[in-house]
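Thanks for coming. I will go through a few places in one model, and you can follow along on the screen.

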Amino acid sequence: MQLPSLRSGSGPENALKLPVWTRGETNAFFGLAFNILVNVLTLTTLLIVVVQLPTADVLGTVLPALGIALVVGNVYYTVLARRLARRENRSDVTALPYGPSVPHMFIVVFVIMLPIFLATGDPVRAWEAGLAWCFVIGVIVLIGAFIGPFIRRITPRAAMLGTLAGISITFIAMRPAGQIWDAAWIGLPVLGIILVGFFTNIRLPGGIPIGLAALLVGTAIGWIGGYMSVPDVTAAVSNIAVAVPTLHVDLLLNGLSDLAPLLATAIPLGVYNFAEAMSNVESAAAAGDSYNLRSVLLADGAGAIIGSALGSPFPPAVYIGHPGWKEAGGRGSYSMASGLFIAVLCFLGLFGVLATVLPTPAIVPILLYIGLLIGAQAFQAVPRIQAAAVVAALLPNVASWGVGQIDNALSAAGTTAAQVGETALSNAGLVYGGLKTLGEGAVLAGMVLGAIVAFLLERRFYASAIAAGVGAVLSFIGLIHAPQVAWAAAPGVALGYAMLALVLVAFAAWHGTRPAADAVVADQADRKAEAH
């Protein structure tokens with residue numbers, strides 16, 4: 001199906017006309033909408049169960065605030081996509097996906113809100129701190145809009161795509177993978193439909209959208225197999241209530257009145273946010289759509305600030321996954337339609353009902369698909385000789401995810417890593433301290449490590465040394481490899497990076513900086529062989 005075309009702007013009679021909707025838009029819409037749906041269901045559960053914020057506040061204030069951010073943000077990115085299509089005279093431009101940042105959902109709940117709730121017993125105090133934290137994140141991203149383009153220009157693509165792949169494989173894909181195999185009889189058939197539909201472009205009979213078919217099949221299996229419960233649906237229906245978003249500046253100001261303790265995480269995570277956005281924009285460029293990074297960061301920063309004033313502690317951001325929705329056929333409108341769909345659910349308070357109607361294993365396979373695609377892109381969109389740089393950029397996020405799993409397991413057992421002790425953990429085969437250090441500030445750390453290796457592979461030893469020097473500075477002030485921002489936050493790591501820089505300078509002085517011509521020629525030969 002393809003709706004009539006609209007002229008994209010004024011101009012001559014033969015100016016590019018963009019369709020309002022295409023068949024591919026439907027596939028991408030269901031995929032992205034269910035992606036965001038999973039995340040909103042997750043954050044709803046986290047607020048109600050972990051922070052114990054009253055359900056009325058979650059459904060009546062937080063979700064409507066998030067709904068406004070989703071509408072504004074996704075409409076904005078649809079406009080950007082149509083402008084890019086008009087400027088480049090292309091009809092295959094795909095809008096950037098937008099929604100609540102997945103890592104930040106867990107960080108704001110478990111690192112910011114939960115400790116305050118446990119200390120005070122007051123979920124509203126915890127909520128206020130979350131709003132202040134989200135506001136600071138937005139301010140930092142706005143600042144990043146003016147320095148991000150420069151950082152993007154000097155950072156190797158392998159470093160940016162590698163760290164993005166690390167996030168995608170660990171924080172985006174691993175939890176859904178566990179949820180799929182936890183109820184494999186539901187999740188695997190759904191995953192099969194999604195992978196066949198999106199990776200092979202095989203169409204279903206009657207043109208049924210792949211995402212919709214997958215959800216319907218999974219939901220039917222779940223209900224027939226007794227995975228879902230009718231009484232749960234009945235109880236959730238009783239909580240339905242229409243909510244209109246309103247300003248909650250008083251809550252935000254209360255949180256900002258005690259801002260200092262929040263800065264230790266807000267500053268590095270704000271930097272993380274704009275670094276992740278930068279990597280996502282680079283991922284879109286690798287897929288063929290080159291967006292202006294400053295426009296993206298300004299929108300993300302403004303979305304976080306506006307959302308915090310309306311009552312949402314979850315900063316929205318450009319999502320990982322643009323190449324996936326492009327492969328699925330998404331163009332300019334799928335993102336806007338997804339935002340509007342989720343916003344309506346937020347305003348009508350339907351997320352409690354959906355959580356009881358839709359089996360989780362039926363909707364999370366789409367996230368595993370995104371993890372597979374972004375992980376593959378990191379290797380496909382860079383020269384073959386840069387593969388090691390991609391792996392280097394992956395490592396900090398893998399370490400961060402692994403440490404999180406260890407910490408969560410220990411917490412469930414009623415203890416912590418500090419109480420167990422480094423010796424006991426080491427005797428159990430866990431290099432806990434080193435993994436924790438490696439994973440702090442994982443996005444930036446991945447970009448630094450990836451850049452060091454990428455420049456080194458090209459025998460640009462001075463550039464690699466400079467990247468190591470940047471790692472030394474960032475470690476010293478605590479933006480990477482340290483639990484908080486502070487002077488001399490990780491002096492040992494900073495010294496290590498500084499010594500690495502000296503080693504690289506020595507190689508540059510001894511061997512010169514001639515390009516690795518043999519590796520480049522071999523890479524080109526391999527690609528020609530593949531082409532034939």
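**A buried asparagine and its surroundings**

Leaving aside neighbours within four places in sequence, Asn74 is in contact with Tyr98, Ser335, Met336 and Gly339. Before I go on, please keep in mind that this is a predicted model.

Where is Asn74? Asn74 sits in helix 2. Is Asn74 buried or exposed? Asn74 is buried, at a relative accessible area of 0%. Its side chain has polar partners. A polar atom of that side chain lies 2.9 Å from the backbone oxygen of Leu70, and the side chains of Asn74 and Ser335 are joined by a polar contact of 2.4 Å.

Next, two residues in loops. Most residues other than glycine have a negative phi. Gln52 has a positive phi, near 60°. Gln52 belongs to the loop between helix 1, residues 23-50, and helix 2, residues 55-88. With a relative accessible area of 46%, Gln52 is partly exposed.

The other one is Asn89, with a positive phi near 55°. Asn89 lies in the loop that runs between helix 2 and strand 3, where strand 3 is residues 98-100. Asn89 is exposed, and its relative accessible area is 56%.

Now to helix 11. How many residues does helix 11 have? Helix 11 covers residues 293-310, which is 18 residues. From first C-alpha to last, helix 11 reaches 26 Å, close to the 26 Å expected at 1.5 Å a residue. At the N-terminal end, helix 11 is capped by Asn292, which has a side-chain oxygen 3.1 Å from the backbone nitrogen of Arg294. After the helix comes Gly311, with a positive phi near 120°. The buried residues of helix 11 include Leu293, Val296, Asp300, Gly303, Gly307 and Leu310.

Last, the nonpolar cores. Which residues touch the most other members of the largest core? In that core of 127 residues, they are Leu37, Tyr291, Ile342 and Phe351. Helix 1 gives the largest share of this core, with 15 residues. Taking Leu37 and setting aside residues up to four places away in sequence, we find that Leu37 touches Ile342, Leu345, Phe351, Leu354 and Leu358. There is also a second, separate core of nine residues, among them Ala158, Ala378, Ala389 and Leu394.

How values were computed
Residues numbered from 1 in each chain as written. Predicted model: local features only at pLDDT ≥ 70, side-chain atom pairs only at ≥ 80, totals over all residues. Heavy atoms only, no water. Helix = DSSP H or I, 4+ residues; strand = E, 2+ residues; numbered from the N terminus. Buried < 20%, exposed > 50% of the residue type's maximum accessible area, 1.4 Å probe, protein only. Polar contact = N/O pair within 3.5 Å; in protein donor to acceptor, adjacent residues only side chain to side chain. Contact = heavy atoms within 4.5 Å. Expected span 1.5 Å × (residues − 1). Core = buried A, V, L, I, M, F, W, Y, C linked by side-chain atoms within 4.5 Å.
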